[in-house]
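Open your viewer and get ready to select some residues. We will go stop by stop.

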Amino acid sequence: MMAKKLLCASKEGLNLDETEDEKKAFEEEKAKTEGLCKLMKEVLDDKVEKVQVSNQIVDSPCVLVTGEYGWTANMERIMKAQALRDSSMQGYMSSKKTMEVNPNHAIIKNLREKAEADQSDKTVKDLIWLLYDTSLLTSGFSLDEPTTFANRIHRLIKLGLGVDDDDAGDDDEDDDIDDLPELDGDDSDEDDSKMEEVD
(Lines give C-alpha, C1' and ligand atoms only; values in the text may rest on other atoms or scores of the structure.)
Protein backbone atom coordinates (compact mmCIF):
# COMPACT_ATOMS: atom_id res chain seq x y z
CA MET A 1 0.00 0.00 0.00
CA MET A 2 1.39 3.39 -1.04
CA ALA A 3 1.84 6.00 1.74
CA LYS A 4 0.39 9.49 1.21
CA LYS A 5 2.12 12.59 2.57
CA LEU A 6 -0.18 15.15 4.19
CA LEU A 7 0.56 18.80 3.43
CA CYS A 8 -0.67 21.97 5.13
CA ALA A 9 -2.51 24.14 2.59
CA SER A 10 -1.48 27.33 4.42
CA LYS A 11 2.25 26.61 3.97
CA GLU A 12 4.60 26.75 1.01
CA GLY A 13 5.21 23.75 -1.21
CA LEU A 14 1.64 22.71 -2.07
CA ASN A 15 1.64 21.26 -5.59
CA LEU A 16 -1.45 20.06 -7.43
CA ASP A 17 -1.56 18.16 -10.71
CA GLU A 18 -2.16 20.28 -13.83
CA THR A 19 -2.26 19.70 -17.58
CA GLU A 20 0.41 20.87 -20.03
CA ASP A 21 -1.92 23.61 -21.36
CA GLU A 22 -2.56 24.87 -17.82
CA LYS A 23 1.19 24.91 -17.12
CA LYS A 24 1.88 26.87 -20.32
CA ALA A 25 -0.87 29.43 -19.61
CA PHE A 26 0.38 29.84 -16.05
CA GLU A 27 3.99 30.42 -17.17
CA GLU A 28 2.81 33.19 -19.53
CA GLU A 29 0.83 34.94 -16.78
CA LYS A 30 3.72 34.44 -14.34
CA ALA A 31 6.15 36.19 -16.70
CA LYS A 32 3.75 39.16 -17.03
CA THR A 33 3.35 39.45 -13.25
CA GLU A 34 7.02 39.20 -12.17
CA GLY A 35 7.47 43.00 -12.34
CA LEU A 36 4.50 43.57 -10.04
CA CYS A 37 5.82 40.94 -7.59
CA LYS A 38 9.15 42.79 -7.44
CA LEU A 39 7.38 46.10 -6.77
CA MET A 40 5.19 44.51 -4.07
CA LYS A 41 8.28 43.14 -2.33
CA GLU A 42 9.93 46.60 -2.44
CA VAL A 43 6.83 48.27 -0.97
CA LEU A 44 6.19 45.65 1.72
CA ASP A 45 9.92 45.31 2.49
CA ASP A 46 10.49 43.08 5.55
CA LYS A 47 6.77 42.38 6.11
CA VAL A 48 7.10 39.47 3.68
CA GLU A 49 10.05 37.23 2.92
CA LYS A 50 9.13 37.10 -0.77
CA VAL A 51 6.30 37.73 -3.24
CA GLN A 52 5.69 35.07 -5.86
CA VAL A 53 3.12 34.06 -8.45
CA SER A 54 0.98 31.05 -7.54
CA ASN A 55 -1.33 28.79 -9.52
CA GLN A 56 -3.01 27.44 -6.36
CA ILE A 57 -5.29 30.44 -5.67
CA VAL A 58 -8.78 30.41 -7.18
CA ASP A 59 -10.94 33.22 -5.76
CA SER A 60 -8.53 35.58 -3.95
CA PRO A 61 -6.11 38.05 -5.55
CA CYS A 62 -3.39 36.96 -3.11
CA VAL A 63 -2.79 35.02 0.09
CA LEU A 64 -0.10 34.83 2.75
CA VAL A 65 1.50 31.48 3.46
CA THR A 66 4.15 30.57 6.00
CA GLY A 67 7.39 28.69 5.45
CA GLU A 68 7.38 24.92 5.76
CA TYR A 69 8.84 25.12 9.29
CA GLY A 70 7.34 28.47 10.36
CA TRP A 71 4.36 29.09 12.58
CA THR A 72 0.89 28.86 11.07
CA ALA A 73 -1.49 31.81 11.57
CA ASN A 74 -3.24 29.95 14.40
CA MET A 75 0.04 29.14 16.16
CA GLU A 76 1.16 32.78 15.81
CA ARG A 77 -2.09 33.95 17.45
CA ILE A 78 -1.62 31.47 20.29
CA MET A 79 1.98 32.57 20.88
CA LYS A 80 1.05 36.28 20.81
CA ALA A 81 -1.53 35.58 23.52
CA GLN A 82 1.03 34.02 25.87
CA ALA A 83 1.90 36.19 28.85
CA LEU A 84 5.48 34.86 29.13
CA ARG A 85 6.27 34.51 25.43
CA ASP A 86 9.82 34.78 24.10
CA SER A 87 9.67 37.91 21.91
CA SER A 88 12.95 37.18 20.10
CA MET A 89 11.74 33.74 19.01
CA GLN A 90 8.35 35.15 18.01
CA GLY A 91 9.99 37.77 15.81
CA TYR A 92 12.07 35.12 14.07
CA MET A 93 9.24 32.65 13.53
CA SER A 94 6.48 35.08 12.57
CA SER A 95 8.56 36.90 9.93
CA LYS A 96 8.58 33.98 7.49
CA LYS A 97 5.55 34.96 5.40
CA THR A 98 5.36 34.61 1.63
CA MET A 99 2.78 36.51 -0.38
CA GLU A 100 1.41 34.40 -3.21
CA VAL A 101 -0.25 36.32 -6.04
CA ASN A 102 -3.02 35.06 -8.34
CA PRO A 103 -2.02 36.34 -11.82
CA ASN A 104 -5.47 35.60 -13.27
CA HIS A 105 -7.43 37.70 -10.77
CA ALA A 106 -8.94 40.95 -12.13
CA ILE A 107 -7.51 43.00 -9.22
CA ILE A 108 -3.96 41.75 -9.89
CA LYS A 109 -4.30 42.28 -13.65
CA ASN A 110 -5.50 45.86 -13.21
CA LEU A 111 -2.93 46.60 -10.50
CA ARG A 112 -0.23 45.25 -12.82
CA GLU A 113 -1.35 47.62 -15.60
CA LYS A 114 -1.48 50.57 -13.18
CA ALA A 115 2.00 49.75 -11.82
CA GLU A 116 3.43 49.40 -15.34
CA ALA A 117 2.07 52.88 -16.17
CA ASP A 118 3.56 54.49 -13.02
CA GLN A 119 5.35 52.54 -10.29
CA SER A 120 5.57 55.61 -8.03
CA ASP A 121 1.78 56.11 -8.04
CA LYS A 122 0.67 56.60 -4.43
CA THR A 123 -2.57 54.70 -5.10
CA VAL A 124 -0.62 51.66 -6.34
CA LYS A 125 1.37 51.61 -3.09
CA ASP A 126 -1.77 51.99 -0.98
CA LEU A 127 -3.45 49.15 -2.90
CA ILE A 128 -0.42 46.91 -2.32
CA TRP A 129 -0.61 47.64 1.43
CA LEU A 130 -4.37 46.96 1.41
CA LEU A 131 -3.83 43.65 -0.38
CA TYR A 132 -1.25 42.73 2.26
CA ASP A 133 -3.54 43.71 5.15
CA THR A 134 -6.58 41.91 3.74
CA SER A 135 -4.40 38.86 3.05
CA LEU A 136 -3.33 38.92 6.70
CA LEU A 137 -7.00 38.81 7.72
CA THR A 138 -8.17 36.20 5.21
CA SER A 139 -5.15 33.99 5.93
CA GLY A 140 -5.94 34.01 9.66
CA PHE A 141 -3.34 36.50 10.94
CA SER A 142 -4.06 39.63 12.98
CA LEU A 143 -3.39 43.18 11.78
CA ASP A 144 -0.29 44.87 13.16
CA GLU A 145 -1.69 48.40 12.62
CA PRO A 146 -5.51 48.39 12.35
CA THR A 147 -5.65 52.22 12.43
CA THR A 148 -3.40 52.54 9.39
CA PHE A 149 -5.48 49.90 7.60
CA ALA A 150 -8.70 51.81 8.39
CA ASN A 151 -7.23 55.10 7.16
CA ARG A 152 -6.19 53.52 3.85
CA ILE A 153 -9.73 52.18 3.44
CA HIS A 154 -11.19 55.63 4.19
CA ARG A 155 -8.91 57.30 1.65
CA LEU A 156 -9.86 54.81 -1.06
CA ILE A 157 -13.56 55.21 -0.22
CA LYS A 158 -13.12 58.98 -0.70
CA LEU A 159 -11.34 58.31 -3.99
CA GLY A 160 -14.18 56.01 -5.12
CA LEU A 161 -16.81 58.57 -4.17
CA GLY A 162 -14.87 61.42 -5.77
CA VAL A 163 -14.59 63.28 -2.46
CA ASP A 164 -11.74 65.80 -2.33
CA ASP A 165 -10.05 66.48 0.98
CA ASP A 166 -11.28 70.09 0.65
CA ASP A 167 -14.90 68.87 0.35
CA ALA A 168 -14.77 66.66 3.45
CA GLY A 169 -16.91 69.08 5.48
CA ASP A 170 -16.49 71.00 8.70
CA ASP A 171 -16.65 67.98 11.00
CA ASP A 172 -13.65 67.97 13.36
CA GLU A 173 -13.27 64.21 12.99
CA ASP A 174 -13.01 64.51 9.20
CA ASP A 175 -10.42 67.27 9.55
CA ASP A 176 -8.26 65.04 11.72
CA ILE A 177 -8.45 62.25 9.15
CA ASP A 178 -7.55 64.66 6.31
CA ASP A 179 -4.45 65.85 8.18
CA LEU A 180 -3.00 62.34 8.38
CA PRO A 181 0.46 61.78 6.87
CA GLU A 182 1.00 59.81 3.68
CA LEU A 183 0.16 56.12 4.09
CA ASP A 184 2.72 54.61 1.70
CA GLY A 185 4.67 53.01 4.57
CA ASP A 186 3.98 52.11 8.17
CA ASP A 187 3.25 55.34 10.07
CA SER A 188 1.49 53.62 12.94
CA ASP A 189 2.85 55.86 15.72
CA GLU A 190 1.69 59.06 14.04
CA ASP A 191 -1.65 57.50 13.07
CA ASP A 192 -2.27 56.28 16.62
CA SER A 193 -1.61 59.76 18.01
CA LYS A 194 -4.14 61.23 15.57
CA MET A 195 -6.75 58.71 16.64
CA GLU A 196 -6.12 59.56 20.28
CA GLU A 197 -6.86 63.20 19.46
CA VAL A 198 -10.16 62.20 17.85
CA ASP A 199 -11.18 60.23 20.95
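**Stop 1: a charged network**

Select D126, D133, R152 and R155. Salt bridges link D126, D133, R152 and R155 in a network. Keep in mind that this is a predicted model.

Why can such side chains pair? Opposite charges on side chains can pair when the charged atoms come close.

Zoom in on D126 and R152. Their side chains form a salt bridge, at 3.6 Å from N to O. D126 sits in helix α5 and R152 in helix α6, so this pair links distant parts of the chain, 26 residues apart.

Are these two buried or exposed? D126 is buried, because its relative accessibility is 2% and the cut-off for buried is under 20%. R152 is buried too, with a relative accessible area of 1%.

R155 counts as partly exposed, at 24% relative accessibility.

**Stop 2: the helices around it**

Show α5 and α6 as cartoons. They pack at an angle of about 130 degrees, and their axes are 10 Å apart. The two helices are therefore oblique to each other. The crossing of α5 past α6 is left-handed.

Next, select residues 106-117 for helix α4 and residues 122-138 for helix α5. Their axes come within 10 Å and cross at roughly 150 degrees. That makes α4 roughly antiparallel to α5. The crossing of α4 and α5 is left-handed.

**Stop 3: the whole chain**

Zoom out. How many helices and strands does the protein have? There are 8 helices and 3 strands. Follow them from the N terminus: the order is α-β-β-α-α-β-α-α-α-α-α. The protein has 199 residues, and 35% of them count as buried. The salt bridges come to 7.

**Stop 4: a pair inside one helix**

Select K32 and E29. They form a salt bridge, with the closest N and O atoms 3.6 Å apart. Both are in helix α1, 3 residues apart, so about one helical turn separates them. K32 is partly exposed, with a relative accessible area of 47%. E29 is buried, at 14%.

**Stop 5**

Go to D45. It lies in the loop between α1 (20-44) and β1. Its phi is positive, about 55 degrees, although D45 is not a glycine. Most residues other than glycine have a negative phi. D45 counts as partly exposed, with 48% relative accessibility.

**Stop 5: a strand residue**

Move to V53. It is in strand β1, residues 50-53. V53 is buried, with a relative accessible area of 9%. From C-alpha to C-alpha, V53 and A31 are 9.0 Å apart in space, and they are 22 residues apart in sequence.

**Stop 6**

Finish on V163. Find it in the loop between α6 (146-161) and α7 (172-178). V163 is partly exposed, with a relative accessible area of 30%.

Methods:
Residues numbered from 1 in each chain as written. Predicted model: local features only at pLDDT ≥ 70, side-chain atom pairs only at ≥ 80, totals over all residues. Heavy atoms only, no water. Helix = DSSP H or I, 4+ residues; strand = E, 2+ residues; numbered from the N terminus. Buried < 20%, exposed > 50% of the residue type's maximum accessible area, 1.4 Å probe, protein only. Axes fitted to C-alpha atoms, helices over the stretch in contact; angles between N-to-C directions. Parallel < 35°, antiparallel > 145°, perpendicular 65-115°, else oblique. Left-handed = near helix turned anticlockwise from the far one by under 90°. Salt bridge = Lys/Arg side-chain N within 4 Å of Asp/Glu carboxyl O.
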